[in-house]
Amino acid sequence: KGLFVKEIEECLLAQKADLAVHSMKDLPYAAREGLEIASILKREDPGDTLVNLQGKNISDLPLGALVGTSSVRRRAQLLATRPDLNFKDIRGNVGTRLSKLKGNEFSALILATAGLKRLGLMKQEYFQFSKKIMLPAAGQGAIGIQVRSGNDDVRNLVSDLACSQTTASVKAERKMVQVLGGDCGSPIAGFAVPSGDKLELNGMVSDLNGVKVLRTVCVGDITAPDELGERAARALMKAGASSILNKVNY
């Protein structure tokens, strides 16, 4: 993810492109100098989906089933529910991953619901995790448009595509992860839900085995998402998140 994002950003900075389209969950939490997010579009379903050929839900998977995912966030949360499961990293686009499932290399996969829906690959028999079992990554399901700082023409061109509620939600989630010192490879989850002029931010930090899971819920003004994100991070740190993340990063 990091290398691919970096290449795209270098194209923007070299003026080989005028804008870039990113999945917000893959973007680094510190903005690249000379670049900015001009617009965050209305969010697709931010959840995660268990994909398997038999249409089984998480409780139906056989003992010790092999699940394909490269996300420590997903792995940790699933282990908190099913500690008997085994995991193996999986790479490639969605089509490549599904072909490996069909080739019986895995019992099941965990994929972003948004990606499956956007590609027209979502099936009714797939099991969609509740947020109580699997909290999404910060920014999951949201698309951002990145431009060069000062490029007012392009910024104005895409500004009408922005969704104010999604923008506030994603800002709060990303700020929380940034303050925690995490990245897209950390066992951190964050999901903000707008309601009128308020924003409810659910945050989670876990060890890699899903044994110690910390959660927090903070509510704040939708016009101050950064403050809400920082407050949620401080609450998790007070509960011991720093100790967990230091061990994970080590």
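A pocket is an open set of points on a 1 Å grid over the protein atoms alone, where a 1.4 Å probe fits, with protein on both sides within 12 Å along at least five of seven lines; lining residues have an atom within 4 Å of a point. The model is predicted, and local features need pLDDT of at least 70, side-chain atom pairs pLDDT 80 or more, whereas totals for linings use all residues. Residues are numbered from 1 along each chain as its sequence is written, and side-chain values use heavy atoms, without hydrogens and water.

**View 1. Lining of the second largest pocket.** Of the 22 lining residues, Met24, Tyr29, Ala31, Ile37 and Arg174 lie nearest the centre. Strand β2 (35-40) and helix α6 (164-180) each supply at least two lining residues; helices (H or I, at least four residues) and strands (E, at least two) are DSSP runs numbered from the N terminus.

**View 2. Helix α3 (residues 94-102).** Arg97, Leu98 and Leu101 are buried, that is, under 20% relative accessible area (1.4 Å probe, protein chains only). Because they cover an arc of only 95° around the axis, they lie on the same side of α3; the arc is that of the directions from the helix axis to the C-beta atoms. The buried residues of α3 pack against β3 (48-51) and β6 (108-112), contact meaning heavy atoms within 4.5 Å. After α3 comes asparagine 104, with a positive phi near 65°.

**View 3. Methionine 204 in strand β10 (residues 198-206).** Methionine 204 is buried, at a relative accessible area of 0%. Not counting residues up to four places away in sequence, methionine 204 touches residues including Arg73, Leu135, Ile188 and Leu236. Alanine 232 is 28 residues from methionine 204 in sequence, and their C-alpha atoms are 9.5 Å apart.

How values were computed. Buried means under 20% relative accessible area, exposed over 50%, partly exposed in between (1.4 Å probe, protein chains only).
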